Amino acid sequence: MGKMKYKISSRATILLGRESVSKVDSAIIELVKNTYDADAELCYIFFDIDNDSIYILDNGVGMTKRIIENHWMMIGTDNKREEYKSSKSRIKSGEKGIGRFALDRLGSICEMFTKNEEEQLIIWKNDWSMFEQSGLTIDQIEADFEYDSRLFIEIIPESILDNIEHTLDSPNTKDLKTGTLLKISDLRDEWTSKSINNVLDSLGYLIPPSEQKDYIICVQENVSSPAYIIENKISEEYDYRICAEFIDNKFKIHLNRNEFDINRMPKDLFEMEEFKLAPYTLEDFKQKSLNYEYEVSELMQTNNEEYIHKVKELGKFKFDFTFMKLTMKEADKNNYFYKAISKNRNEWMRLHNGVKIYRDNFLVRPYGDPNSNSFDWLGIDAKKTGNPTSVSHYSGTWGVAHRQVQGTLHISRVENYNIIDKSSREGLIENEYFNILKDVIKKIISIFENDRAYIARYIKKYNNMVNEKEIAKIEGSKIAKEIIDDQKKSNEKNSKDPLQNKNLNIVADEQNNNQRVEKLAKAVTYFKEEREELISENKLLRRLATNGLMTSSIVHDLKSIKATFINRVDSIEYLMENNEQDLLKRSLEDLRNSDEFLKAWITISTHQKNDKRKRPKQNLYEAVKSSVNLISSILKQKNIAINVNDDGKETLKKIYISDFESILYNLIINSVESFERNKVGNRNIDITLSTDKEFVIHYEDNGSGISTIFKNPYDIFKYGVTSKLDKDGIPIGTGLGMYIVESTLREYDAKYKITKSQSGFGIEITFSI
């Protein structure tokens, strides 16, 4: 059998060059990457547009004849894949072996002058138009090559040398004994000031700030202009900064708070219970950096081994994140003890905002590019739009806006081999690992979001106490009621005694003032009524949500009962006809249990109403016991024993019974799911009631406790937080149950603390009386 060889048309270079590298800035970036791979400390770009040329100079190691033949002119060479580290231990950015075809995208003619310390200066010339000839294969095209006895510095144009001398301070960047100079002529594009500026904008983000001490990009825009260094400086002014590193399968995170003026924060703020907890104490605020370490399961809040393994397969990476608010009201500055902000913030953020990805210290486009659809590739603004709460909102679910953030994600093709470049070299293949990486980065950002929201939430609470806003509301409501009552009495008196209406002209002004006060009082009353209606609707929604959660937790039992409905009558008739007394009794007992279960479920599900009445005084002990009795049949069906113990006292308080039911039922739902999850044998729930100066409910079960995925057990009270995951580690729980508990307790100004989190769950709830 004969053999046939593949051939490559010379026109293939057009596909690799002009057509695959669509933008001129992409072409220049490819060539700049080559200078970095060559261990250069300087990359100098000169737009000599008046002479139809572009120069790219570096002071790297240069090339020998062997390197040019075997690597530079070898299409798809894998030398950077095999020898991925340079002499200076830089990870080489190119690996596909097609970067040099970016020359063809820029111009028809290329002259290369290169000097390696092992050989003489080499001059290499290529006319890309030769590849357009019809019928030729690529091995029929040749480039010109010759040695030259001159020094490398002698072939560099004088204008470039002068600019290097006057612009650069480092002696290393002026070392031009070895390196490469590319002269690209017969340019394919019309270069204007705007197009050059577009390239410069791209170069500004090309390398992260951390690399600029070892590698400089210098630009000269035309023959007469001076050169300048392209800089990507990080701002020293910020509100929050996160430095995160994933190493040894752990997340090491440094959180820097710089938003709050510690000297203005009053000492009694830190007397609040919320600011006695780490990391929110006075000493924590004094620290420059807060250090955290998370296991994968803790950060991602999952125990799914397969998902955890895939996170670990992402490999080592670093993520730096900066938050800056761009505007600030004077009232917010005073109320939240913010530091002053400069006018430069908006300009710096305009140039730098967005989260950018750097692979081996070079920008991966288009992520974080303000002119692309991938600018907000993490979906930060979409999350904000879906939940536009203020930072001080009681739910603690505030999310940052994309225009307020700047981020740098550092990855490597060596460490992060599952994150793969697209063949076009524009972007990354958005595979499963890329999506997991996005989830991880968003979780890291949420550490900052939660921290800032917690502080703002409880500073607001402090201000409310200090400014007596609630007291003012209560007093205003009382005054409004008094005014309305007085006005009614006055009207009744005037209607009975007409003589009281004399001298109307004298009292006209007074009446006018009274009318204005009356209108104001009515407005306050109306606002109060609207508020009560909203609270009432919120209670109904909480109740409906609780019913939905309960139904979800017992759906398996409901399906089992449903299956018995079809044949229950036939079965009983058969047993009666055949006089199977024992089986008949057993069957009737099962049916009785099922009916009691259904009755309890239906009673709870239909036991809600939009109660607009004032809160009546209720016996708190009876409120708890009646709520437990209502659900006891459901728990009996699931083999759960619930015990209520008390101290024999009676305590009255104005409450809605439905609120207590929401609290207890959501606690019980969590216990049921805990029992089911870990197949606990003896299932016990103990509730202890006591009153001293305050009414206390101590709730405890012997289930599996709080999942170890929660580094802080109090995270279970946050909106949307759940430990219920599917087989792929994706959250399937609503995250509503314990949030409903917390929001209901907040409405009553009740305190709570977790007393047990492992090998069972315990919580102590305290109501003032």
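Visitor: In what order do the five strands of the open sheet come?
Guide: The order is β17-β19-β20-β22-β21, with mixed pairing. Keep in mind that this is a predicted model.

Visitor: Which are the edge strands there?
Guide: β17 (640-646) and β21 (751-756), each pairing on one side only. From one strand to the next, the twist averages 15 degrees.

Visitor: How many bridges join β21 to β22?
Guide: Five, and the two strands run antiparallel. β22 covers residues 761-768.

Visitor: Switching topic. What is the strand order in the eight-strand sheet?
Guide: That open sheet reads β5-β4-β3-β6-β2-β1-β7-β8, and its pairing is mixed.

Visitor: Why is one side of β5 and of β8 left without a neighbour in the sheet?
Guide: Because β5 (144-148) and β8 (228-230) stand at the edges, each with a single partner strand. The twist in this sheet averages 20 degrees from one strand to the next.

Visitor: And β3 with β6, parallel or antiparallel?
Guide: Antiparallel, over eight bridges. The strands are residues 107-115 for β3 and 179-187 for β6. E111 has K183 in β6 as its bridge partner.

Visitor: Which strands does helix α2 touch?
Guide: Helix α2 (residues 24-37) packs on the sheet and touches β1 (42-48), β2 (53-58), β6 and β7 (216-220). Its direction makes about 145 degrees with that of β1.

Visitor: What about helix α6?
Guide: Helix α6 (residues 158-167) packs on the sheet too, touching β1, β2, β7 and β8. The angle between its direction and that of β1 is about 130 degrees.

Technical notes. Residues numbered from 1 in each chain as written. Predicted model: local features only at pLDDT ≥ 70, side-chain atom pairs only at ≥ 80, totals over all residues. Heavy atoms only, no water. Pairing = 2+ DSSP bridges. Helix = DSSP H or I, 4+ residues; strand = E, 2+ residues; numbered from the N terminus. Axes fitted to C-alpha atoms, helices over the stretch in contact; angles between N-to-C directions. Contact = heavy atoms within 4.5 Å.
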